[in-house]
Amino acid sequence: LLSGILFTMLVFGPACGFILGSFCTKIYVDAVFIDTSNLDITPDDPRWIGAWWGGFLLCGALLFFSSLLMFGFPQSLPPHSDPAMESEQAMLPEREYERPKPSNGVLRHPLEPDSSASCFQQLRVIPKVTKHLLSNPVFTCIILAACMEIAVVAGFAAFLGKYLEQQFNLTTSSANQLLGMTAIPCACLGIFLGGLLVKKLSLSALGAIRMAMLVNLVSTACYVSFLFLGCDTGPVAGVTVPYGNNTAPGSALDPYSPCNNNCECQTDSFTPVCGADGITYLSACFAGCNSTNLTGCACLTTVPAENATVVPGKCPSPGCQEAFLTFLCVMCICSLIGAMAQTPSVIILIRTVSPELKSYALGVLFLLLRLLGFIPPPLIFGAGIDSTCLFWSTFCGEQGACVLYDNVVYRYLYVSIAIALKSFAFILYTTTWQCLRKNYKRYIKNHEGGLSTKPDRIQNKERMRSCSGVLEATRAAGPQSLL
């Protein structure tokens, strides 16, 4: 239950962040200082910049006021005599590292300071404990598999809003709102369903790892389907096709053309417009429009002069709306199923360590999740996405942000990285299953409650033998035994 709550909090936080971001991006960035009613752009315009600072101010205020409640706690809690606490063992297993006892044989209370052990001596125990845990192949494989699963979530979700904008031509606020209201709540539901299935089916450790493997396979299949759900970049004048040609790419592509040489067009911003010829231009300036009403565009040579007009935004791709709806449905299913592997993985992890090491094992898990699952993946995904850029903005002669991507290459690379991480997690799950299948009792400790310590087949046989023994004993004792 605790692991499910922790993982849900990790997912529920980004969900609130996406929803809050969608509301903030609907407000203009300088709404405090200017009259937004005089603006000639809307949140659907590519030139719109939302109030990115709103979320930081709100979250900072909430953190500040919630921290004031911390001052209500005393500086130190009074010692409380608890028999259960006195019987707790040290952090290390007792068979390997015994806690020193005083000469009278009575253990010191855990809350009382131990004058015989310095802080440095206590810190020296941590590497030994960590080595003891990581030497367990089941523990190590489960942690690495959880890191790979979280890496997919951290890397894929970090750029999913940008991915929706590029692939399906959505606005920033719409993309964030859809993510916060669909995919992420489905992931929260999947975490609870995973824990519920483990409890209702009374799965052993082998059953739980098989469930994690099955869930991983299904979610990986959903990611494979993403390779076929997307929209093409479409013809962009001077970037993907030459001016005056909307089908065949040219050998020398240049956004500057004789039709817009006298316009002094700038590439410091990306304000795409869709021409009447079905070609997207980087801006109205690059289309050669000589008026503010986006008419009389000289670069639209394949249409009559009176129809040489453009409209703001990229030209729509055929079938893109249907592909987006399918993508959204598959994303919800993928989030729901993929999250169901979290609870079984954590339960197996804490069953592979001794009772006195469970809290430290969870600490190692969440430390590695942040070091391996949250830090490198966004960098890897970001580097891969930048490699698919078709056109970079420039500001004062220096390269700025990417304004146009090759959607097909973007989709293949972005999804393939996620599939590779999921495949590596499946290999780790398979390794864990092999270790448990060959030597079950060596890796699974006998804990109270939770998972059973024996495979389902062995456990069912022993239940049948136990029931048979009770019946034979009752028959031998006679009818008096029933009274």
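Author: Helices (H or I, at least four residues) and strands (E, at least two) are DSSP runs, numbered from the N terminus. This is a predicted model, where local features need pLDDT of at least 70, side-chain atom pairs count only at pLDDT 80 or more, and totals for chains, interfaces and linings use all residues. Residues are numbered from 1 along each chain as its sequence is written, and side-chain values use heavy atoms, with hydrogens and water left out.

Reader: How many helices and strands are there in the protein?

Author: Both kinds of element are present in the protein. The count is 16 helices and five strands.

Reader: What share of the residues counts as buried?

Author: Buried means under 20% relative accessible area, exposed over 50%, and partly exposed in between (1.4 Å probe, protein chains only). The protein has 483 residues. The buried share is 40%.

Reader: Where is S202, and is it buried or exposed?

Author: S202 sits in the loop between helix 8 (172-200) and helix 9 (205-226). Its phi is positive, about 50°, although S202 is not a glycine. Because its relative accessible area is 52%, S202 counts as exposed.

Reader: Which residue forms a salt bridge with E149?

Author: A salt bridge is a side-chain nitrogen of Lys or Arg within 4 Å of a carboxyl oxygen of Asp or Glu. By this rule the count is one. The closest N and O atoms of the pair are 2.8 Å apart, and the partner of E149 is K422.

Reader: Which side chain of opposite charge is nearest to D277?

Author: D277 is in the loop between strand 1 (273-275) and strand 2 (280-281). A polar atom of its side chain lies 3.3 Å from the backbone nitrogen of I279. D277 is buried yet has no salt bridge. Lys and Arg count as positive, Asp and Glu as negative, while His and the chain ends are not counted; at 16 Å, the nearest opposite charge is K314.

Reader: What is V310 in contact with, leaving aside neighbours within four places in sequence?

Author: V310 lies in strand 3 (residues 310-312) and is buried, with a relative accessible area of 5%. Its C-alpha atom is 9.6 Å from that of S283, 27 residues away along the chain. Contact means heavy atoms within 4.5 Å. With those neighbours set aside, the partners of V310 are V273, C274, G275, A287, C289, L294, C297 and L300.

Reader: Which helix gives the largest share of the nonpolar patch?

Author: Patches are made of residues with over 30% relative accessible area and no salt bridge; like charges are joined within 9 Å, nonpolar side chains (Val, Leu, Ile, Met, Phe, Trp, Tyr) within 5 Å. L367, L371, L372, F374, I375 and L379 make a nonpolar surface patch of about 560 Å², with accessible areas from the Shrake-Rupley method with a 1.4 Å probe, where for residues only the protein chains shown count as cover. L371 is partly exposed, at 44% relative accessibility. The largest share, four residues, comes from helix 12 (residues 358-374).

Terms used
A polar contact is a pair of N or O atoms within 3.5 Å; within protein, one must be able to donate a hydrogen and the other to accept it, and residues adjacent in sequence count only if both atoms are side-chain atoms.
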